[in-house]
Amino acid sequence: MSSEKTAVAAGVPPPVAKKPYPFWLGGVAASIAGAITHPLDLTKVRLQVTGEKHMINEIKKTVQTYGIRGLYDGLTGTLLRQMTYSMMRFAAYDQVKGLMHKEAGPPPAWKMGVAGSIAGGIAGTLGNPAELMMVRMQADRAKPPAQRYNYRNSVQGLYRMAVDEGIASWFRGVGPNALRSVLMNASQLGAYDWFKSQLQRFMQDGPALHFLASFGAGTFATTVCSPADVLKSRIMNASNNEGVAQVLRTGLAKDGPLFLFKGWTPAWIRLTPTTILIFLTLEQLKAGVDRYRKAGGTLL
């Protein structure tokens, strides 16, 4: 007999299923984190596409040439990406995880990984246009003037791409981007939930636990995603139609296997604080929704 039927037989009403959180909370949390860490993400992309080896040198070059505002090139692309790709991945992850695990307690690690992979595949495919626009806008000023796209903002950039290159260009690099998204969400979302469940054995749920769980998830995700991230950036930023195989051959011939981890340090410096900011913000947003509902609010 199920626990629900047992409770009813004993005269105790079954527990009421908790109302799910708004699907857009993950997108809002990711947008806040993305805006704060945008300069590091921009620097990571420029390291990947220019061959510059030193993060500090690239940051200095940007500031000396364009001022502090230059560190925020492509910010509209980042925000568009967070409110499409990130919103979809968090929403899909919660849905898939809920469908896969209906038992009491946290799901096992493999279910978290599978749920993250499925969510990543969906978000990485549907969110490819915004991802591509973010990469192009961030890398633009690192290129010679004659090769720049000079998009005014992300929406105008997508329109320009559709007119100049066709709608199909929105999905350039969708293969490595979807692969990276699968790896990212399995290793970030799944790892965060896993670290959180393990830490709850020794710590109370709260900001300190959320910080440690997200720190572990960010480090793990950076390492797992680096190869796909490098390939994605190079393909999306190419002015020709180079595919994965050609980019891989060129990179291996020029720099050896370690080219797949080029930009790991700025990627870690960017992704780990971003992961921490996302989950700390998301947990606080969820706590705020809980307080609002407890006070009688019905809109969320």
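In which helix does Asp-193 lie? I found Asp-193 in helix H8, residues 174-199; helices here are DSSP runs (H or I, at least four residues), numbered from the N terminus.

**Basis of the entries.** I note that this is a predicted model, in which local features need pLDDT of at least 70 and side-chain atom pairs count only at pLDDT 80 or more, while totals for chains, interfaces and linings use all residues. Residues are numbered from 1 along each chain as its sequence is written, and side-chain values use heavy atoms, with hydrogens and water left out.

**Entry 1: Asp-193.** I looked up its burial and its partners. Asp-193 has a relative accessible area of 16% and is therefore buried (under 20% relative accessible area, with a 1.4 Å probe and protein chains only). Its side chain makes a polar contact of 2.6 Å with the side chain of Tyr-93, and another, of 2.7 Å, with that of Lys-97. A polar contact is a pair of N or O atoms within 3.5 Å; within protein, one must be able to donate a hydrogen and the other to accept it, and residues adjacent in sequence count only if both atoms are side-chain atoms. Leaving aside residues up to four places away in sequence, I recorded Tyr-93, Lys-97 and Met-112 as touching Asp-193 (heavy atoms within 4.5 Å).

**Entry 2: helix H5.** Met-112 is among the buried residues of H5, as are Lys-111, Gly-113 and Ala-115. An α-helix has 3.6 residues a turn, so residues three or four places apart point the same way. The cover over the buried residues of H5 includes helix H4 (75-100), helix H6 (128-139) and H8. I also checked the length of H5: its 18 residues (109-126) should span 26 Å at 1.5 Å a residue, and the end C-alpha atoms are 26 Å apart, which agrees. The expected span is 1.5 Å times one less than the number of residues.

**Entry 3: the largest pocket.** I then turned to open space. A pocket is an open set of points on a 1 Å grid over the protein atoms alone, with protein on both sides within 12 Å along at least five of seven lines; lining residues have an atom within 4 Å of a point. The largest pocket holds about 1,300 Å³. It is lined by 37 residues, and closest to its centre are Tyr-21, Asp-94, Lys-97, Asp-193 and Lys-286. H2, H4, H8 and H11 each supply at least two residues of this lining.

**Entry 4: cavities.** How many cavities of 30 Å³ or more are there? I recorded 2 cavities of 30 Å³ or more, a cavity being a set of grid points where a 1.4 Å probe fits but cannot get out. The largest cavity has about 140 Å³ of space. Of its 16 lining residues, Arg-81, Gln-82, Arg-270, Thr-274 and Ile-278 lie nearest its centre. H4 gives the largest share of that lining, 5 residues. The second largest cavity has a volume of about 80 Å³. It is lined by 13 residues, with Thr-222, Cys-225, Ser-226, Asp-229 and Ala-267 closest to its centre. Here H9 (207-237) gives the most, with 4 residues.

**Entry 5: Asn-150.** I looked last at a backbone angle. Asn-150 has a phi near 55°, a positive value in a residue other than glycine. Asn-150 is placed in the loop between H6 and helix H7 (154-165).

Definitions and conventions: Buried < 20%, exposed > 50% of the residue type's maximum accessible area, 1.4 Å probe, protein only. Points joined across faces, edges and corners; volume = space filled by probe spheres on them.
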